[in-house]
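The following exercises concern a single protein model. Please examine the sequence and the structure before working through each solution.

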Amino acid sequence: MAKEKAMKKAHVLVIFTLLIFALLLLSSCAPNVRPASSDTSMPDTAPLTPDTSTLTSLTFMAGYKPQANLPFVGAYVAKEKGFFAENGLDVTIEHSPGRGEHVQLLVAGTVHVTTMDAATILQRRAEPGLPVVSIALIGQKGQQAFAALKESGLETPKDWEGKIVGYKGTPPPDLFALLAAAGADVNKVNLVNVGFDPRALSEKQVDVYPLFKSNEPYLLEKWGHKLTLWDAADYNVPTLGLAYVTSESYLTEHADTLTRFLRAALKGIAYAQANPDEAVEIVIKYAGPETDPAHMRYMLETELRDAQSEHGYGWQEAAQWQSLADMLVKYEALPGSTNVSAAFDTAIWKQAQSNR
């Protein structure tokens with residue numbers, strides 16, 4: 001009996017030994033898997049989430065729907081290429097529905113930077129007295145021009161006498177200044193409100209149509225119409241375009257943040273000029289896949305031309321703003337008491353240049 005128990009015990013011991021040997025053999029053939037480590041210098045298969053905890057938050061609201069207006073493009077590119085992050089900023093990009101909400105939100109402090117037309121900046125400062133300030137003038141020329149169908153035979157604004165000339169909302173002062181510069185008698189021009197549909201020209205409801213240079217000429221030409229364009233700036237009428245704008249209080253309290261925003265946005269504009277195809281792709285990301293890339297390319301190239309300055313993108317000076325104000329006052333679009341120097345600031349632009 002004792003002998004039988006000893007044999008069973010030996011048998012179990014042999015089986016246990018064989019199991020241990022098999023396990024050791026399997027472990028020697030297994031792949032060499034690195035254990036988890038707290039050493040962050042070692043590679044990790046999971047993508048790292050950028051740490052935004054140290055970045056300064058800022059909200060930029062474009063003054064209209066997503067499209068290739070140059071100040072919009074500057075922000076889009078700066079966001080997508082990491083230029084804002086390079087400057088220590090976490091920028092949220094939003095868009096105004098187009099009814100002036102961006103200005104209201106800027107003044108309320110919800111938005112920190114937006115875009116406005118230079119003439120509108122002066123007018124809103126005068127009435128109702130909004131504390132808005134341009135920190136960079138992107139459009140060195142105005143956004144608007146006047147168009148006629150080439151088949152009409154109109155060659156100069158002098159030829160507008162006896163014709164129907166449209167305007168959007170209210171007759172703009174640069175329309176009167178352009179007529180005066182060309183020697184036309186405004187009393188012989190039939191002015192009518194045509195709204196914002198360029199078909200008013202293609203359907204010959206008017207002889208001359210006011211359009212946004214970077215947008216509506218593309219549409220009319222796409223519809224098969226050849227145009228004659230008149231830009232008031234070509235007749236030495238002082239006009240200015242879109243600017244990056246902040247509030248007086250934010251400018252006072254966050255000058256360094258604005259400097260970093262502007263440095264990145266201007267770098268975005270320069271990148272868009274050097275890489276227009278990629279810039280248009282970035283615009284489409286914001287505007288949506290239904291957007292016409294050729295239309296956005298036309299808009300970008302048009303606004304790049306009007307943004308040119310011997311001093312670089314965004315430059316502005318007192319003489320520009322004063323000339324614009326004088327023209328607005330002359331045609332009763334601005335009170336003569338308006339403080340022009342408070343409408344713009346050059347320090348942020350200069351600091352952005354010096355720190356590049």
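**Exercise 1: The cavity**

By class, four nonpolar, five polar and four charged residues make up the lining of the largest cavity. Here Ala, Val, Leu, Ile, Met, Phe, Trp, Tyr, Cys and Pro count as nonpolar, Asp, Glu, Lys and Arg as charged, and the others, Gly among them, as polar. The model is predicted: local features need pLDDT of at least 70 and side-chain atom pairs count only at pLDDT 80 or more, while totals for chains, interfaces and linings use all residues. Residues are numbered from 1 along each chain as its sequence is written, and side-chain values use heavy atoms, with hydrogens and water left out.

Task: Describe the largest cavity and state which helices supply its lining.

Solution. 
1. A cavity is a set of points, on a 1 Å grid over the protein atoms alone, where a 1.4 Å probe fits but cannot get out; lining residues have an atom within 4 Å of a point.
2. The search of the whole structure finds one cavity of 30 Å³ or more, and the largest cavity holds about 120 Å³ of space. Volume is the space filled by probe spheres set on the grid points, which are joined across faces, edges and corners.
3. Of its 13 lining residues, Gly139, Lys141, Gln143, Glu303 and Asp306 lie nearest the centre.
4. At least two lining residues come from each of α2 (70-80) and α12 (293-306). Helices are DSSP runs (H or I, at least four residues) numbered from the N terminus, and strands are E runs of at least two.

**Exercise 2: Helix α11**

Solution. 
1. Buried residues (under 20% relative accessible area; exposed is over 50%, partly exposed in between; 1.4 Å probe, protein chains only) in α11 are Pro276, Ala279, Val280, Ile282, Val283, Ile284 and Ala287.
2. Just after α11, Gly288 takes a positive phi of about 105°.

**Exercise 3: Glutamate 127**

Task: Is Glu127 buried or exposed, and where is it found?

Solution. 
1. Glu127 is found in the loop between α5 (118-126) and β4 (132-137).
2. Its relative accessible area is 57%, so Glu127 is exposed.
3. Glu127 and Leu334 are 207 residues apart in sequence and 8.8 Å apart in space, C-alpha to C-alpha.

Technical notes:
On a 1 Å grid over the protein atoms alone, a cavity is a set of points where a 1.4 Å probe fits but cannot get out, and a pocket is an open set with protein on both sides within 12 Å along at least five of seven lines; lining residues have an atom within 4 Å of a point.
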